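Please look at the ligand surroundings and the sheet in the model below.

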Amino acid sequence: MSKTTAVLTDKFGRNHNYLRISLSEKCNLRCNYCMPENGVPLTPRSELMTAEEIYQIAKVFVKNGVDKIRLTGGEPLVRKDFTEILKKLSTLDVELGITTNAILADRFIADFKKYGLKKINLSLDTLDEGKFRVITRRDQFQKAYDNMLLLIDQGFNVKINAVLMKYFNEDEINDFVLFTRNRPISVRFIEFMPFDGNKWSKDKLVSQEEIMAKIISFFGIENVLDLDNEPNFTSRDFKINGFQGNFGIISSVTNPFCDGCNRIRLTANGKIKNCLFSNKETDLLGAFRDGENIEPLIENRMFKKKAKRAGMDSFKKLQNPEKHSNNRSMITIGG
Ligand code: SAM
Ligand code: SF4
């Protein structure tokens, strides 16, 4: 990891070299764990960052040590000027990645290749068409599935994100692991996290412990190999002996990985968040439009970052709806 400047170093000495930029609050799916049933109030277009503003603000972060940028949303590929944004960001000295539901990915293969975007995290919570319709409230399973295979076939570095829900898709855990047998991909199981409007409850959560128990009982403990974690990992990684791909668990709820957190989030309307769970934001876009230096604003927000999950340092605190209901919905944060 690169060394960041004081602007991106918090009071616990964590260096934040990884910027996640949300390009849109809109999405072509309506995942029930992400988007509240009645949608979200959208920011007027004039208050969203333009392609040039995204580039100029990103440049300030890169100057201070960011060397990794991930585009997210909402759905980043619904943005009409996506290619222009990608082209501009590709001129910065950073590793580029995207998190997408893959519905539109086939239209952008050539652009991804041309502008050096290799790392693609795509969300697919089920391998069952009917369940996909229930989760996403849209009938697009085949498109998402075909595009996932296309991206793998085209040689992209693909990670599948699957949010697990009790009594819904937890029975597919081993099917997803089997999916990695002959494919060079990683499947990451994500614990369901609480955000405004997503009806979170601990009873719907499938914990890291439960996920591992299912995998071990199916594949046998001797076949589950523990892999070394990447620096600043969010996912604890494993593979099944002899399988080409691997799997990981993102346990933000039961076993968070805040000590090594290197992430900063920039929302589509130009606010930074120092933690996914924090409801405190700093408006960079307004200051940028007023011609202000945004570095002190970034430094101040990063300095205020709490040690663990925006102060919700225990599972008990995280379960208190008052602690997270003033935060945005995930769709407007950029996961
Ligand atoms: N539309 C893109 C996608 O779905 O990949 C990018 C944005 S989406 C908000 C980014 C990631 O956040 C997805 O992998 C999604 O599964 C995850 N996510 C959304 N809501 C979540 C929740 N309540 N708990 C855990 N993960 C969540
Ligand atoms: Fe859209 Fe991604 Fe949220 Fe699903 S998880 S509603 S695809 S932004």
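An oxygen atom of ligand 1 lies 2.5 Å from an N or O atom in the side chain of S123, a polar contact being a pair of N or O atoms within 3.5 Å.

| Residue | Part of the residue | Atom of ligand 1 | Distance |
|---|---|---|---|
| S123 | side chain | oxygen | 2.5 Å |
| N161 | side chain | oxygen | 3.2 Å |
| M193 | backbone | nitrogen | 2.9 Å |

Of the 540 Å² of accessible area that ligand 1 has on its own, the protein covers 96%, with areas taken from the Shrake-Rupley method and a 1.4 Å probe. This is a predicted model, in which local features need pLDDT of at least 70 and side-chain atom pairs count only at pLDDT 80 or more, whereas totals for chains, interfaces and linings use all residues. Residues are numbered from 1 along each chain as its sequence is written, chains are lettered from A and ligands numbered from 1 in the order in which they are written, and side-chain values use heavy atoms, with hydrogens and water left out.

The shell around ligand 1 has 20 residues, of which Y33, G74, E75, S123 and M193 come nearest; a residue belongs there if one of its heavy atoms lies within 4 Å. By class, this shell holds 8 nonpolar, 10 polar and 2 charged residues, Gly being counted as polar and Tyr and Cys as nonpolar. At least two residues of the shell come from each of strand 3 (95-100), strand 5 (157-164) and strand 6 (186-191), where strands are DSSP runs (E) of at least two residues and helices are runs (H or I) of at least four.

Around ligand 2 stand C27, L29, C31, Y33, C34, G74, N101 and I331, and its shell divides into 6 nonpolar, 2 polar and no charged residues.

The strands form an open sheet of 12 in the order 7-8-9-6-5-4-3-2-1-10-11-12, with mixed pairing, which requires at least two DSSP bridges between two strands. Strand 7 (224-226) and strand 12 (282-283) are the edge strands, each pairing on one side only. Strand 6 pairs with strand 9 (residues 246-250) in the parallel sense over 5 bridges, and I190 has I250 as its bridge partner in strand 9.

Helix 2 (residues 82-89) lies across strand 1, strand 2 and strand 3, running at about 175° to strand 2; contact here means heavy atoms within 4.5 Å, and angles run from 0 to 180 degrees between N-to-C directions of axes fitted to C-alpha atoms.

How values were computed. A polar contact is a pair of N or O atoms within 3.5 Å; within protein, one must be able to donate a hydrogen and the other to accept it, and residues adjacent in sequence count only if both atoms are side-chain atoms.
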